[in-house]
Amino acid sequence: MAGNIIEIWLDKILKGRALEDEQSTICDFSIDEQITALESQGIAPNVAQISQPVLGETVTYIVAAVLLNEKNEVLMMQEAKQSCAGKWYLPAGRVEKNENISEAAAREVLEETGLVMQCTTLLTIECAGGTWIRFVVTGKVIGGTLKTPSQADSESLQAKWVYDLNELTLRGKDIVPIVERARTYVKAQKMNDKTWHQEILPAPKEHSSLLLRLVILIKKRSTNRVHVLISERTAFHLPVCEIHPAKSLHSTLRRFMVELFGAEVAPHRPHGVLSVEHNCINNKDGLCLTMLVVFRAPLEEVPIIGKCVWHETSMTLGETLMIRVGARNSTIPINVIR
């Protein structure tokens with residue numbers, strides 16, 4: 001029975017859907033436990049006070065939209081803010097209270113360009129520390145009228161479609177690789193390239209904390225079968241930890257892997273994000289990122305010290321997971337901004 005449930009969980013995650021029941025409430029490595037682990041090593045934690053994520057106060061979610069037309073031109077807006085007036089950037093801004101990520105992106109596009117957008121997928125996720133996260137999305141224009149200089153307001157001066165970003169004075173060069181990724185994604189979609197991820201948008205599921213869920217994969221040498229790590233703490237579930245507000249996401253990941261496998265944890269790599277669960281309602285401003293992590297060493301060489309077990313997947317699911325692992329663009333990349 002437990003095996004069937006685990007397969008259902010993984011199937012949902014691979015489709016970008018949210019997990020329900022106790023999966024959304026269990027945490028294996030809370031911030032309090034992370035602080036205790038640091039103090040046991042003689043390291044003073046640098047978090048003065050731990051608080052729940054509150055949008056606009058203790059956590060910031062940013063959206064940026066990359067929209068391309070049939071000429072492969074990207075939609076750009078000219079800034080009106082005094083600090084960067086006249087410079088160009090992607091439609092972008094903060095997620096507001098009681099707003100989900102797709103709604104925020106569509107609102108920013110409408111306010112800054114005059115066009116109506118329908119989000120289709122996440123492209124990248126960027127983090128600065130544990131409490132500033134930018135979600136880059138793409139989609140399609142389904143209405144509206146392009147904003148002209150005569151319609152300038154406090155949101156933007158104008159908007160236009162541009163092919164060569166070098167023609168513009170940009171607010172920041174950080175958008176250049178984002179635009180290139182969007183163009184590569186659209187090209188892959190037109191060619192029906194199955195090595196790229198499917199359309200994935202944040203699944204509507206509210207969380208009161210910032211969580212990192214792991215799908216940790218390994219192969220058993222003797223059988224060549226794929227196994228996934230399952231935590232046995234309180235109930236069977238995929239391993240979950242709180243994202244440390246003062247650390248980078250990769251730092252949180254490293255500490256959690258040490259908690260599960262010990263200080264000499266075998267070589268592994270984070271592949272990317274499989275799903276995002278988020279819905280800012282009922283004063284719950286948290287989220288859950290599900291990340292794919294892959295061990296290079298075989299199961300026989302990777303000891304577990306946490307309350308976990310390896311679950312052997314079905315052959316069909318194991319093959320599906322290995323296809324994801326083998327394709328570079330099969331997950332949403334997550335980049336840490338330093």
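## Notes on the loops, rings and domains

1. N224 sits in the loop between β8 (210–219) and β9 (226–231). Helices and strands here are DSSP runs, numbered from the N terminus: helices are H or I with at least four residues, and strands are E with at least two. For its backbone, N224 shows a positive phi of about 65 degrees, although it is not a glycine.

2. A word on the ground rules, dear colleague. This is a predicted model, where local features need pLDDT of at least 70 and side-chain atom pairs count only at pLDDT 80 or more, while totals for chains, interfaces and linings use all residues. Residues are numbered from 1 along each chain as its sequence is written, and side-chain values use heavy atoms, with hydrogens and water left out.

3. You will find N283 in the loop between β11 (268–278) and β12 (287–295). N283 is exposed, with a relative accessible area of 68%; exposed means over 50%, buried under 20% and partly exposed in between, with a 1.4 Å probe and protein chains only.

4. Now to the aromatic rings. Rings of Phe, Tyr and Trp (its six-membered ring) pair if their centres lie within 6.5 Å; planes under 30 degrees apart count as stacked, over 60 as edge-to-face and the rest as tilted. This rule gives six aromatic pairs. One of them is the stacked pair of F29 and F256, at 6.0 Å centre to centre and 15 degrees between the planes. F29 belongs to the loop between α1 (2–14) and α2 (31–40) and F256 to helix α5 (residues 249–261), so this pair ties together parts that are 227 residues apart in sequence. F29 is buried at 4% relative accessibility, and F256 is buried at 1%.

5. Helix α5 also supplies a ring to a second contact. F261 and W310 are stacked because their ring centres are 6.1 Å apart and their planes lie at 25 degrees. With F261 in helix α5 and W310 in strand β13 (residues 308–312), the pair ties together parts that are 49 residues apart in sequence. F261 is buried, at 5% relative accessible area, as is W310, at 17%. Together with F295, F261 and W310 form one aromatic cluster.

6. Leaving out residues up to four places away in sequence, W310 touches I216, I218, H227, V228, L229, F261, F295, L299, V302 and I304, where contact means heavy atoms within 4.5 Å.

7. Two arginines lie over ring faces: R171 over Y89, at 3.7 Å from the ring centre, and R183 over Y163, at 4.8 Å from the ring centre. A charge counts as over a ring if NZ of Lys or CZ of Arg is within 6 Å of the ring centre and within 35 degrees of the ring normal.

8. Finally, the domains. The assignment, which is automatic or from a database, gives domain 1 (1–43 + 203–331) and domain 2 (60–191). Their centres, taken over C-alpha atoms, are separated by 31 Å. In the interface, 21 residues of domain 1 are in contact with 15 residues of domain 2. Between them the domains bury about 1,200 Å², 60% of it on carbon and sulfur atoms; buried area is the accessible area (1.4 Å probe) that two parts lose on being put together, summed over both.
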